[in-house]
Amino acid sequence: MAKARKIVLETRSFNKVGEASEFFKEMLNSYSIGERASEEDAADLIALLNRHDQRIEKIGAGISYFEVGLPPEHPGKCFWIVRVDGSKMDFSLKHCLAPKPYD
C-alpha cells in the first residue's frame, strides 16, 4: 500500500494530497468567473504557488491579487495571478500539488 503524501504549506498542512486538492477545488468553486479571491484565500494560494517549479516566472513583477478565470487549454475555471504591472498568468493547482523532491 502506498504511503499517503503529506502536503505542508506555510499557511496549513494536509495529511493527504487528495485533501489539499479538495480544499483548493472547493475554494476555486466558491468563486465566479472574474471574481477576486479574498485576502485569506490569497494567502493560501501564495503558499501553494510556492510549490510551483516556475513560481518566479509565474509571479513576474509581483502579485497584486488572484482572480478566477477561464483556463487557456481546457474547459472549466482556474485561478489567475494578476500582477502589479497588470499582466495576468494562470497556474495549475494540480501542478503545485505534484510530487516534489522535498515531499
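In the predicted model, helix α2 spans residues 39–49, and its buried positions are Asp41, Ala42, Asp44, Leu45, Ala47, Leu48 and Leu49. The cover over these buried residues includes the helices α1 (17–29), α3 (55–59) and α4 (93–97), together with the strands β3 (63–69) and β4 (78–83).

Strands β3 and β4 are paired in the antiparallel sense over 6 bridges, with Val68 opposite Phe79 in β4. Of the 6 residues of β4, 6 are buried, so this strand is largely enclosed by the rest of the structure. Strand β4 also pairs in the antiparallel sense with β5 (residues 88–90), over 3 bridges; the bridge partner of Val82 in β5 is Lys88. A hairpin is formed by β4 and β5, with 4 residues between the two strands. Gly86, located in the turn, has a positive phi of about 90°.

Glu67 lies in strand β3. The relative accessible area of Glu67 is 12%, which is under the 20% cut-off, and the residue is therefore buried. The side chain of Glu67 is joined to that of Lys88 by a polar contact of 2.6 Å. Not counting residues up to four places away in sequence, Glu67 touches Gly34, Glu35, Arg36, Ala37, Cys78, Phe79, Trp80, Val82 and Lys88.

Arg36, one of the residues touched by Glu67, has its charged end over the ring of Tyr65, at 3.5 Å from the ring centre. Aromatic pairs in the whole structure number 5. One aromatic cluster is formed by Phe14, Phe23 and Phe24.

Key: Residues numbered from 1 in each chain as written. Predicted model: local features only at pLDDT ≥ 70, side-chain atom pairs only at ≥ 80, totals over all residues. Heavy atoms only, no water. Phe/Tyr/Trp six-rings, centres within 6.5 Å; stacked < 30°, edge-to-face > 60°. Lys NZ or Arg CZ within 6 Å of the ring centre and 35° of its normal. Buried < 20%, exposed > 50% of the residue type's maximum accessible area, 1.4 Å probe, protein only. Contact = heavy atoms within 4.5 Å. Polar contact = N/O pair within 3.5 Å; in protein donor to acceptor, adjacent residues only side chain to side chain. Pairing = 2+ DSSP bridges.
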